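Hello,

Here is the structure we talked about handing over. Please open it first, then read the notes below.

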Protein chains: 2
Amino acid sequence: MIFQGYLADLIHNLKKLPGVGTKSARRMAIHLLDKDKEEALALAESIRQTVENYHKCSVCNMLTDTEPCIFCSDENRQSQVICIVEHSQDVFLIEETGVFKGKYFVLGKLLSPLDGIGPDDIYFPKLKNYINREKIREIILALNPSAEGESTMSFLATELENLVEKITRLATGLPFGGDIEYTSSLTLENAFKRRYSVKE
Amino acid sequence: MIFQGYLADLIHNLKKLPGVGTKSARRMAIHLLDKDKEEALALAESIRQTVENYHKCSVCNMLTDTEPCIFCSDENRQSQVICIVEHSQDVFLIEETGVFKGKYFVLGKLLSPLDGIGPDDIYFPKLKNYINREKIREIILALNPSAEGESTMSFLATELENLVEKITRLATGLPFGGDIEYTSSLTLENAFKRRYSVKE
């Protein structure tokens, strides 16, 4: 065993990061040791500070260091439209597009009966209260078009349709820059069915 | 600006890791916040402990938490053969192959006159003392076959040839699993020149 003690622990902990396998974790660990000690300690401190200062927004579950989060407390945002996402990260990605100016609600997970993830685990009671309290009129379901995303969207649409005026989901189709040759037949079939006038 | 304060700092610090760009750093940061707080704190603590417990071996410069390192202090290893590498990580990679049972010496850098990296920066005086003191007989140069690696190897070969019996470098040629079609012409030319009998 070459990697032992603290170094083995560090590699083990780094491997829990998304997209980091054994080789990258080793490379990162050695990098942290090899370079400026201050740089590595800054990263450690930065992780600690961030984790200790962030929590889930009491209103929408978004990760935040304020209470409520900057989206919930922003009076310039439309308050009767909410975009429902799976992860906090999705909020950052949507914000980067600048296309949406309403509020958010973060589910944290998608429904998955086989894994024992039911409505309570995706904060459904909290979502329902929020919709009633804030008199939400429109809901945008920005969930992945995966099996779990689809079933979560259909659950939410069924349960919430009587509470709001409009429930929409993000468009499905060919991604820009994608190549039809490498597109799944499900995507292609859907893209045919949902084709739209070139003048739109 | 969506990412601010501690979160922006964390992303900035994560981006200094090898192979981590803006998108991965954001994903990692959100992951650290989104998951178990304990897991993130364990990573922070692990970085801190490792950095504080590791240093360069006084003999060979290898990163180590013992003094001297486990390679220098291992009496079962051949003591008159040293393998010279650029990074501590290279030692781990070579150890994984199990092909080498001698000692190591880590240069830390390669010679690069344009960047002001000269013999002192690659611990050349320390290396020379080591070779004389330990009566080293064979040196294996395990450096990258890059411009800087080549010039470092030729510098070391010239300076050390009178001190030892044998100086070799790692074989150059086609990598196993590689494809001739995607091999550089320099590699291919070298592979022709250094071709060997199939019976070897």
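**Pockets**

The second largest pocket holds about 920 Å³ of space. A pocket here is an open set of points on a 1 Å grid over the protein atoms alone, with protein on both sides within 12 Å along at least five of seven lines; a 1.4 Å probe fits at the points, and lining residues have an atom within 4 Å of a point. Grid points are joined across faces, edges and corners, and a volume is the space filled by probe spheres set on the points.

In chain A, strand S3 (81-85), helix H4 (88-97), strand S5 (138-141), helix H6 (147-160), strand S6 (166-169) and H7 each give at least two lining residues. H7(A) gives the largest share, five residues. Helices (H or I, at least four residues) and strands (E, at least two) are DSSP runs, numbered from the N terminus. By class, this lining has 15 nonpolar, nine polar and six charged residues. Nonpolar covers Ala, Val, Leu, Ile, Met, Phe, Trp, Tyr, Cys and Pro; charged covers Asp, Glu, Lys and Arg; the others, Gly among them, are polar.

The largest pocket has a volume of about 1,300 Å³. Of its 36 lining residues, B:Leu170, B:Ala171, B:Thr172, B:Gly173 and B:Leu174 are the closest to the centre. The elements of chain B that give two or more residues to this lining are helix H4 (88-97), strand S5 (138-141), helix H6 (147-160) and helix H7 (185-193). The largest share is six residues, from H7(B). The lining of the largest pocket has 22 nonpolar, eight polar and six charged residues.

**How to read the model**

This is a predicted model: local features need pLDDT of at least 70, side-chain atom pairs count only at pLDDT 80 or more, and totals for chains, interfaces and linings use all residues. Residues are numbered from 1 along each chain as its sequence is written, chains are lettered from A and ligands numbered from 1 in the order written, and side-chain values use heavy atoms, leaving out hydrogens and water.

**Strand S3 of chain A**

S3(A) is largely enclosed by the rest of the structure, because five of its five residues are buried. Buried means under 20% relative accessible area, exposed over 50%, and partly exposed in between (1.4 Å probe, protein chains only). A:Val81, A:Cys83 and A:Val85 cover one side, and A:Ile82 and A:Ile84 the other. S3(A) pairs with S5(A) in the parallel sense over four bridges; strands pair if DSSP finds at least two bridges between them. A:Val81 stands opposite A:Glu138 there. S3(A) also pairs in the parallel sense with strand S4 (residues 103-106) of chain A, over four bridges. In that pair, A:Ile84 faces A:Phe105.

**The two chains**

Chain A can be laid on chain B with an RMSD of 0.1 Å, by a turn of 179° and a shift of 0.0 Å along the axis. The copies are thus related as by a two-fold rotation axis. In chain A, the C-alpha of A:Ala44 is nearest the axis, 2.0 Å from it.

A:Gln89 lies in helix H4 of chain A and is buried, at 18% relative accessible area. A:Gln89 touches B:Arg26, B:Arg27 and B:Ile30 (contact means heavy atoms within 4.5 Å).

Best wishes

Key:
Copies are superposed by least squares on the C-alpha atoms of residues with pLDDT of at least 70 in both. Lists of a residue's contacts leave out its neighbours within four places in sequence.
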